[in-house]
Structure formats: C-alpha cells, structure tokens
Amino acid sequence: MSITRSTTILDPSPEPVEEPWPEGSGLEIVGSSAEMRRLRLQVRRIGPHFRTVLVHGEAGTGKEQVARALHGMSHAADGPFVVCHGAALEEAIAGHLKENDWSAHPADAIGCLTRMAQRGTLFLDGIHEMPLQTQLRLLRLLRRHDVTQSHLEARRHDLRMIAATSENLKILASAGRFQPELYQRFAMVEITLPPLRDRREDIPDLTKFFMSQARTALREKGASSL
C-alpha cells in the first residue's frame, strides 16, 4: 500500500477580498491599492466591536476619516460623533460650558466630554499633545468604566473612544511624556495608515473622488442660490 502525500502551497500574502463599500455614505476610504483594501477590511472587522482604538499616521493620511468610518460601522452609528483635539480639550469644554451657561459650578472636562459622546464615539485627535494631567483624568475615567456595577449602567454610559496620533506613543511613554497605561489601553487595537508616497497608485482614485466632491458642492451651491 502506498501513501500519497499532497502538498498545499499557501500564498504568504493573499490579496484581500472585500465587499462593496457603501457609496455616498460619507465614510469613503478611497484607494485601490492593497494597503487601502486591507484598511477597509480592518475597519469592517473592528467597527462593530471596538471600545478603544488607536489610529496612527502622518498628517494628511486620513485619521479622522478612518475614525468616522469606524463609528459608521459600529452599533453606535446613530449616536453622536464628538471630535476634540487633545491639546485644546480643556479649553474647548470650558467654552462649551460658558456658551450653555453651565459655568456656575466647575465641571471636569473629560467627564463633560464623555457625557456629550454617550452612546456614540469620542474622537480624540492629536492625543500625543494632551497634557499629562488630562491624560491621567482620561485614564481614571477608563478605569471607572472597567468597574461598572451593572449591565444597565454600562448601556447607559455606552461610549467608544478613538485616539489619533502622528507620534510614536510607545516612545513618548518611555520618555515619560505619555501615560504608559493609557497608551496600552488604546494600543490594544491599533490601525496604522500608510502615507500617500507609499501608495501612489491611489492618486487617480483620489483625484476622481475629490473632483466628484467638488462638482457636487458646486451643484448644491448653484441650487441654493436660485
């Protein structure tokens, strides 16, 4: 009796297979390169389940667009998407409180911000610029979420957070410029965005996309002036 062994050859880097992306949704992640196809697959997989995500990339790589796509793919898509820059968080909340005549008593900026984003997504852009004391308050809030007493309370305070950075937070944490535990919490799920110079084949797709957006804006402007 002879034994025949079959050999299966696996492609070490298979091309990603993706479903059609919802057109006109405002969640577009444009590009036909392998990197962008993988990014869209990553957003689809992470979107429905994430609690905290770190989006890392150079300026202009589309970090906020990826954050909006993650929010749009989540179960909180109908909830608020609140954007705040890490360096200006305290000032932004102070201004919001003043505009709404809530300045009668001091309020914690992080607590106020998370209440605004309840049952939605809080996007912290430029988190590497967030002051250390504000980082510590954010960390305390995340710890409180960990020890939520009841399922009902967890649903009431349902919140997703996405942090974006153009810096290496691991290096900043090692240098004492970023809270190590806060970095670890966000870096459990990390998305890295490639710069356009590494995916030049996406330039024609981006050109068509921006031209289409410009035509739409001009049509809307013309219609509104009638």
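Let me start with a crossing: helix H5 passes helix H8 in a left-handed sense. This is a predicted model, so keep that in mind throughout. H5 covers residues 132-146 and H8 covers residues 180-187; the two pack at an angle of about 55 degrees, with their axes 9 Å apart. That angle makes H5 oblique to H8, because the oblique class takes what is left after roughly parallel, roughly perpendicular and roughly antiparallel.

Who makes the contact? On the H5 side, the residues are Gln 135, Leu 138, Leu 139, Leu 142, Arg 143 and Asp 146. H8 contributes Glu 181, Leu 182, Arg 185 and Phe 186. By type, the residues of this contact divide into five nonpolar, one polar and four charged.

Next, the other helix pair. The axes of H1, residues 34-46, and H2, residues 63-73, come within 8 Å and cross at roughly 40 degrees. H1 is therefore oblique to H2. The crossing of H1 and H2 is right-handed. From H1 the contact uses Leu 39, Val 43, Arg 44 and Ile 46, and from H2 it uses Val 66, Ala 69, Leu 70 and Met 73. The division here is seven nonpolar, no polar and one charged.

Now the cores. The largest nonpolar core has 25 residues, and Ile 127, Leu 138 and Phe 186 touch the most other members.

What does Ile 127 touch, leaving out residues up to four places away in sequence? The list is Leu 138, Ala 163, Ala 164, Thr 165, Leu 169, Phe 178 and Phe 186.

Apart from this core lies another, of 20 residues, including Ile 46, Val 66, Leu 70 and Ile 162. Ile 46 comes from the H1 side of the H1 and H2 contact, while Val 66 and Leu 70 come from the H2 side.

H4 runs over residues 109-116, and six of its eight residues are buried, so H4 is largely enclosed by the rest of the structure. The buried residues are Ala 109, Ile 110, Gly 111, Cys 112, Leu 113 and Thr 114.

That is what I have.

Technical notes. Residues numbered from 1 in each chain as written. Predicted model: local features only at pLDDT ≥ 70, side-chain atom pairs only at ≥ 80, totals over all residues. Heavy atoms only, no water. Axes fitted to C-alpha atoms, helices over the stretch in contact; angles between N-to-C directions. Helix = DSSP H or I, 4+ residues; strand = E, 2+ residues; numbered from the N terminus. Parallel < 35°, antiparallel > 145°, perpendicular 65-115°, else oblique. Left-handed = near helix turned anticlockwise from the far one by under 90°. Contact = heavy atoms within 4.5 Å. Nonpolar A, V, L, I, M, F, W, Y, C, P; charged D, E, K, R; others polar. Buried < 20%, exposed > 50% of the residue type's maximum accessible area, 1.4 Å probe, protein only. Core = buried A, V, L, I, M, F, W, Y, C linked by side-chain atoms within 4.5 Å.
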